[in-house]
Amino acid sequence: MTSAVIAVLAVSCDKTEPAEPDDPKTPDPELSLQESIEVPADGGVFSITYTIENQNDSLNVEASSESNEWIHSFDCSVPGTISFTVDEYTDETQSREAAVDVVYGDITGQFTVIQTASEPYFVIGISDIDYSTFVVNVTPRDKEMTYTALVTEKEFYSQFETDEEVIEYITWAWQEEAEGNNIPIDRYLDTMLETGNLTDMTVSNRLPGTDYVVFVFGINYDLEALTGVYTSEVTTKTVELLDISYELTPDVNGADAIINIVPSELEQSYYAGVVEKSQLAEAGTVEYWQDYFIEQIKLNQLLYGMSAEETMSPNIHTGEQDIEFSLSPETEYAAVAMAASLQGIVFSEVSTAEFKTNKANLSDNKISIDVEIIDSYTYWFKISTTNSDPYTWGCQPSSKYEGMSDEEMLEYLLQDPFIGFNVRSGDVESNMGATPGNTYTLYAFGYANGTATTDLKRVEFTMPEE
């Protein structure tokens with residue numbers, strides 16, 4: 001009996017001893033992620049990489065983002081890679097970021113998507129800023145896009161509240177300009193539209209110390225806007241007026257005047273002129289002359305292709321000068337002088353001196369007219385003079401002067417704004433064309449300073465019938 005019990009106990013002890021496990025415990029998975037990725041403003045499909053240690057075949061990687069309005073379509077089907085789509089970003093001022101959450105079972109991770117700001121359609125550079133000029137460079141993003149680059153005063157530009165208003169005004173102005181000059185709009189746009197880089201465009205004839213806006217926008221030949229308006233502001237160099245004055249002494253001889261000018265600074269260039277006394281209130285200011293010079297330069301450049309120097313040089317002087325002016329008789333004037341450059345920039349206050357002209361000096365020139373009819377369509381004439389004093393002449397149908405005395409006809413002719421365009425000195429002769437059967441009057445009289453200096457001389461003749 002006793003032996004059997006002992007055996008049973010022994011077996012029971014053997015069964016209660018701890019057994020060694022067949023397999024060690026599996027470690028938890030570990031997820032390693034690329035921390036961030038930078039993508040361009042154009043958007044597209046991108047991917048980041050990851051690794052998993054102690055991978056569990058029953059788990060899948062999943063990715064999502066709260067910024068799903070611009071980053072979406074996550075694809076984790078390729079092991080070790082997370083692909084996603086990023087939308088285009090049009091903001092040109094700053095980049096944007098989004099966090100992407102990655103889940104693998106109970107493990108979470110995160111990476112950041114950084115999308116760069118959009119490259120601007122146009123980059124505007126301004127350099128070499130002077131009193132009336134500056135240089136503009138424009139670099140477009142799309143080298144094939146047509147665009148325009150324009151400049152206007154900031155005060156004018158500020159009236160527009162939106163890009164649409166700016167573009168609407170410019171396209172309207174272009175169409176008006178083309179129509180007014182009878183130019184097809186596409187040919188006109190050839191002069192206004194650019195492609196590729198605009199390099200070293202010199203903007204000239206601007207006012208000193210003035211705010212300007214350079215503005216650029218894409219537009220095609222159908223006048224459809226391709227971009228918004230890009231702007232850059234510039235202020236021309238402000239003039240510091242020199243402490244220079246001018247002593248002006250008029251010497252009047254009839255309707256002519258010689259102005260003696262003595263500057264306080266002999267080396268500085270200056271402008272000298274004459275204005276009617278009634279203009280002196282405004283013509284005695286720097287602002288008046290600065291505007292006047294710039295407008296004259298613009299006009300001569302437009303009409304005759306003249307440079308600023310060519311416009312200004314006839315009236316720019318240095319040192320003491322005696323300058324002669326032919327003026328209207330018995331009229332009050334003011335001589336003016338101020339420091340100025342060949343670019344039309346005023347550098348001093350305006351010095352003035354008032355004076356009045358006398359009656360015009362009469363000429364002792366003896367004028368005679370000869371006319372010889374060659375055929376029904378042609379006549380020959382000669383105007384002979386006894387000295388080189390200036391005179392004007394013309395030939396018109398006699399009906400224009402019918403019933404007028406010499407004195408009345410002379411008064412009538414002096415009212416013609418074009419009478420001074422045909423002023424000559426010395427003899428003149430030529431063949432002229434005419435209409436058969438018509439009666440003409442050929443006239444001549446001494447003319448200077450807007451007035452007659454001799455009596456009227458006229459000859460009437462009738463062309464033969466054809």
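1. The secondary structure comprises eight helices and 29 strands; helices (H or I, at least four residues) and strands (E, at least two) are DSSP runs numbered from the N terminus. This is a predicted model, in which local features need pLDDT of at least 70 and side-chain atom pairs count only at pLDDT 80 or more, while totals for chains, interfaces and linings use all residues. Residues are numbered from 1 along each chain as its sequence is written, and side-chain values use heavy atoms, with hydrogens and water left out.

2. On overall dimensions, the radius of gyration is 45 Å, whereas a compact globule of 466 residues would have one near 23 Å. That radius is taken over C-alpha atoms, and the globule rule is 2.2 Å times the number of residues to the power 0.38. Along the principal axes, the C-alpha atoms fill a box of roughly 180 × 65 × 30 Å.

3. Of the 466 residues, 39% are buried (buried is under 20% relative accessible area, exposed over 50%, partly exposed in between; 1.4 Å probe, protein chains only). Among contacts (heavy atoms within 4.5 Å) with a separation of 6 or more, 69% join residues 24 or more positions apart.

4. The largest nonpolar core has 21 residues, and Tyr246, Leu248, Ile259, Ile261, Leu327, Phe347 and Phe355 touch the most other members. Such a core is a set of buried Ala, Val, Leu, Ile, Met, Phe, Trp, Tyr and Cys residues joined through side-chain atoms within 4.5 Å. Elements giving two or more residues to this core include strand 15 (246–253), strand 16 (256–263) and strand 21 (351–356). Strand 20 provides the largest share, four residues. Apart from this core lies another, of 20 residues, among them Val61, Ile71, Val100 and Val113.

5. Leucine 248, setting aside residues up to four places away in sequence, touches Ile259, Asn260, Ile261, Ala335, Val336, Ala337, Ser351, Thr352 and Ala353.

6. Helix 3 (residues 163–180) has 18 residues and reaches 26 Å between its first and last C-alpha, close to the 26 Å expected at 1.5 Å a residue; the expected span is 1.5 Å times one less than the number of residues. Its buried residues are Val166, Ile167, Ile170, Thr171, Trp174 and Ala178. Seen down the axis, they fall within an arc of 120 degrees, so they line one face of helix 3 (the arc is that of the directions from the helix axis to the C-beta atoms). The face turned away from the buried side carries exposed Glu164, Glu168, Glu179 and Gly180. Cover for the buried residues includes strand 11 (147–153) and helix 4 (185–190). Just after helix 3, asparagine 182 takes a positive phi of about 55 degrees.

7. Helix 6 (residues 286–304) can be read in a similar way. Val286, Trp289, Gln290, Phe293, Ile294, Ile297 and Asn300 are buried in helix 6. They cover an arc of only 135 degrees around the axis, which puts them on the same side of helix 6. Exposed Glu287, Leu302 and Leu303 are on the face turned away from that buried side. Strand 17 and strand 20 are among the elements covering the buried residues of helix 6.

8. Two loop residues remain. Threonine 453, in the loop between strand 28 (451–452) and strand 29 (457–462), is buried, with a relative accessible area of 7%. Aspartate 222, in the loop between strand 13 and strand 14 (230–235), is exposed at 60% relative accessible area.
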